[in-house]
Amino acid sequence: MTTKVQVAGTGSCKFSDILASPAIRDRWEKVRQYFFLRESTYDMTNRCNIRCDGCYYFNGEKHLAAEECDPLAWQTLMVEEKKRGITFAVLAGAEPSLVPELCRVCFETIPLGAIATNGLRPIPRDIDYRIHVSVWGNDAASLLVRRAPSMLQRQLEIYHDDARAIFIYTFTPHNIEQAAEVTRILAAKGQRISFNMFSAPVGYTGPLRHDAASLKATADMMAKLLAEYPDTVLYSPYSIIVHTHAMGLHDLFSCPYPRQNASTAVGLGRSFRQYRTDLGWDRAAACCVPDTDCADCRHYAAGSAVVTARMYRHADHPQTFAAWLDYVDTYLAVWVRHYEKGANLSSSGNHLPVQEDA
Amino acid sequence: MNSVWYAMSAPERTVKGEIRAQVHVQADSPWFDGHFPDFPVVPAIAQVSMIVDMVARASGSSLYLKSASRIKFKQLVTPNTVLTLQAKAGTEQSQYLYRIRAGTEEVSSGTIFLANKDAENVMQADKNATTIRVAEIIINELKLEDVSADTFDPDLDLVDEVGIDSMDLATIALVIRDEFGIRIDEDDYPKLTTLRIIANYIDEKKSEV
């Protein structure tokens with residue numbers, strides 16, 4: 001099947017008319033204060049205490065990079081990063097909680113950021129980054145896919161009273177129904193959850209790759225949980241549409257990360273870098289989830305940049321723009337400490353600014 | 001029509017589209033002052049100026065010489081000579097081929113390109129208004145301090161020197177889209193990085209309309 005994407009955003013509605021709605025204007029003024037955020041991502045260590053099927057980190061060659069363990073070297077890097085305008089640090093692969101002293105150095109230099117962790121080891125409280133605790137199903141499923149027993153139970157013990165934490169539930173075709181159980185448990189514990197989609201690494205042939213049926217089932221489950229647990233689930237109707245669409249994020253919105261974007265004029269193509277554990281980086285491979293198959297990328301981290309960056313094409317109609325605002329409001333709440341999500345403005349998510357022509 | 005420089009008959013248009021007039025350069029014309037003290041002749045540039053003047057009068061426009069080529073001056077023109085001026089539109093825009101004769105003798109000939117002063121003034125005024133308004137939009141949207149629309153450096157790089165990113169550029173593009181009623185392609189707005197580039201872009205888009 002060949003699919004054409006026709007970009008809208010031709011200005012059928014004036015931007016000032018869109019902003020005439022007080023609710024839209026208020027939300028616009030709220031989110032635009034964060035336009036200064038410029039991210040780069042950092043692999044902190046090539047070690048992990050578990051090994052998960054389909055882990056993006058252990059695909060490709062990233063994990064073969066040597067480890068720079070000297071906090072001074074990391075501090076020097078962070079100072080340089082700050083100088084070149086980076087305002088948001090994403091600490092990821094393989095397991096940052098194993099190197100808290102390096103995480104601390106990053107936080108002390110760039111005070112806004114997020115850490116992606118499997119949640120099995122505590123991260124010192126003084127490192128005041130947003131913490132994303134990854135969940136891949138209920139404990140039985142986690143044992144199968146991640147080979148770690150009682151994961152959710154252990155994660156909750158560590159993060160039970162930690163406002164930094166948000167649980168990120170990664171949907172695979174095999175854990176869709178379990179999301180209800182996990183969300184119920186997290187809601188009962190006063191935790192918050194947001195959603196990720198398994199996005200296959202390049203060359204992945206395993207059973208976790210989504211298909212049309214699992215995308216539909218995931219969308220239905222997300223919508224159900226969002227309706228049932230509005231105080232627990234950080235998501236929006238438009239997020240559901242975007243992340244469960246048959247087309248991946250790149251095909252929908254044209255990914256602006258350097259890996260898919262040759263321009264260095266402005267935006268992510270200019271500033272984004274993905275550092276490996278030896279503090280080197282490669283523009284040709286630079287994106288938030290390197291070695292993911294771009295055609296299958298529905299990753300939550302990718303969407304936070306890819307969809308957000310396409311603000312212009314969403315400023316075409318009040319409903320489309322409201323849907324985009326919901327998306328950005330969600331992304332900021334998930335990624336930025338002390339940012340509180342508002343109620344979604346758009347109850348229906350079907351506002352993609354594209355037309356598909358199969 | 002008489003001037004202190006010369007007297008010109010009302011320009012006429014022939015059926016072939018040629019413009020014609022006669023000019024009498026009186027002996028007391030300032031053109032002869034110092035050109036030359038002992039041997040007064042009409043300066044070469046004055047001959048071209050007469051042609052421009054004739055075409056401007058014929059068209060009722062305020063024209064000026066933009067460029068010239070292949071100009072040949074074959075005869076000296078002394079005081080009180082009556083000249084016949086001829087000009088015809090060339091194949092290129094604003095191009096005129098001209099010839100000046102004194103009796104049957106050719107004095108000079110060449111090709112000139114003219115521009116409309118009034119139209120350019122209007123365009124310039126519009127451009128200034130565009131630039132000022134865009135500067136106001138940028139200052140307002142980016143909340144810039146210590147700069148006004150009048151003092152805004154048109155070549156200040158908003159990305160490199162002000163430090164804004166693609167989201168701010170997109171916002172500016174949306175406001176400009178509203179304000180000037182133009183379409184800005186999504187691929188274009190990341191290139192709109194200085195006031196001058198933005199103003200030129202707007203002018204181009206408006207001229208397309």
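Which residues does Val306(A) touch, not counting residues up to four places away in sequence? They are Leu249(A), Phe253(A), Cys255(A) and Pro256(A), where touching means C-beta atoms, placed from the backbone, within 7 Å. Keep in mind that this is a predicted model: local features need pLDDT of at least 70, side-chain atom pairs count only at pLDDT 80 or more, and totals for chains, interfaces and linings use all residues. Residues are numbered from 1 along each chain as its sequence is written, with chains lettered from A and ligands numbered from 1 in the order in which they are written.

Val306(A) sits in helix α12 (residues 300–309) of chain A; helices are DSSP runs of H or I with at least four residues, numbered from the N terminus. Val306(A) counts as buried because 25 other C-beta atoms lie within 10 Å, and the cut-off for buried is 20 or more. Leu252(A) is 54 residues from Val306(A) in sequence, yet their C-alpha atoms are 9.4 Å apart.

Now for a helix pair. Helix α5 (residues 139–146) and helix α6 (residues 151–159) of chain A pack at about 105°, axes 7 Å apart; the axes are lines fitted to C-alpha atoms over the stretch in contact, and angles run from 0 to 180 degrees between N-to-C directions. So α5(A) is roughly perpendicular to α6(A), a label for angles of 65 to 115 degrees. Asp139(A), Ser142(A) and Arg146(A) of α5(A) meet Met151(A), Leu152(A) and Gln153(A) of α6(A).

Finally, the two chains: 17 residues of chain B are in contact with 18 residues of chain A.

Terms used:
Helix = DSSP H or I, 4+ residues; strand = E, 2+ residues; numbered from the N terminus. Parallel < 35°, antiparallel > 145°, perpendicular 65-115°, else oblique. Buried ≥ 20, exposed ≤ 12 C-beta atoms within 10 Å, placed from the backbone.
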